[in-house]
Amino acid sequence: MLEVKVNELEIKKLYLEELEKHLNKLDNELLFWDTDDLIKNTKMCWNTIQEKFFFDPRFPKRKVGRKWMFPAKQTKEFLLEWLLEQPTE
């Protein structure tokens, strides 16, 4: 019988490093997202976003006038971390 042990923290670290490299290669990065971009990029409806992570104090957001704005890079980083924190079923 073969037994494999995996260091989850090391895998997470390697994953995030590779993801960062990939994101740095994107030339057409948006500086900000609005709510429509957030909905489109997460594939979640606005109610689900609010229920799952919008009110997390770590989630980067700023209301400018009547519009919510999200810094693209920090929002992506948060969402990736948030996703890895979610329990698997």
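Predicted model: local features only at pLDDT ≥ 70, side-chain atom pairs only at ≥ 80, totals over all residues.
Residues count as exposed when their relative accessible area is over 50% and as buried when it is under 20%.

Helix α3 spans residues 46-54. Its buried residues are Ile49, Phe53 and Phe54. Viewed along the helix axis, these residues fall within an arc of 75°, so they line one face of α3. An α-helix has 3.6 residues a turn, so residues three or four places apart point the same way.

Thr42 belongs to helix α2, which covers residues 35-42. Its relative accessible area is 17%. The cut-off for burial is under 20%, and Thr42 is therefore buried. A polar atom of the Thr42 side chain lies 2.7 Å from the backbone oxygen of Leu38. Beyond residues up to four places away in sequence, Thr42 touches Ile49, Phe53 and Leu79. Ile49 and Phe53 are among the buried residues of α3.

Asp56 sits in the loop between α3 and β2 (62-64). Its relative accessibility is 18%, so Asp56 also counts as buried. With neighbours within four places in sequence set aside, Asp56 is in contact with Lys61 and Phe78.

The largest pocket holds about 260 Å³ of space. Its lining comprises 13 residues. Nearest the centre of the pocket lie Asn41, Thr42, Leu79, Leu80 and Leu83. Two or more lining residues come from each of α1 (8-25), α2 and α4 (72-85). Helix α4 gives the largest share, five residues. By residue class, the lining divides into ten nonpolar, two polar and one charged.

Thr42 links these descriptions. Thr42 is one of the residues nearest the centre of the largest pocket, and Thr42 also touches Ile49 and Phe53, which are buried residues of α3. Leu79, another residue nearest the pocket centre, is likewise touched by Thr42.

Key:
Residues numbered from 1 in each chain as written. Heavy atoms only, no water. Helix = DSSP H or I, 4+ residues; strand = E, 2+ residues; numbered from the N terminus. Buried < 20%, exposed > 50% of the residue type's maximum accessible area, 1.4 Å probe, protein only. Polar contact = N/O pair within 3.5 Å; in protein donor to acceptor, adjacent residues only side chain to side chain. Contact = heavy atoms within 4.5 Å. 1 Å grid on protein atoms, 1.4 Å probe; cavity = no way out; pocket = protein on both sides within 12 Å on 5 of 7 lines; lining within 4 Å. Points joined across faces, edges and corners; volume = space filled by probe spheres on them. Nonpolar A, V, L, I, M, F, W, Y, C, P; charged D, E, K, R; others polar. Arc of directions from axis to C-beta.
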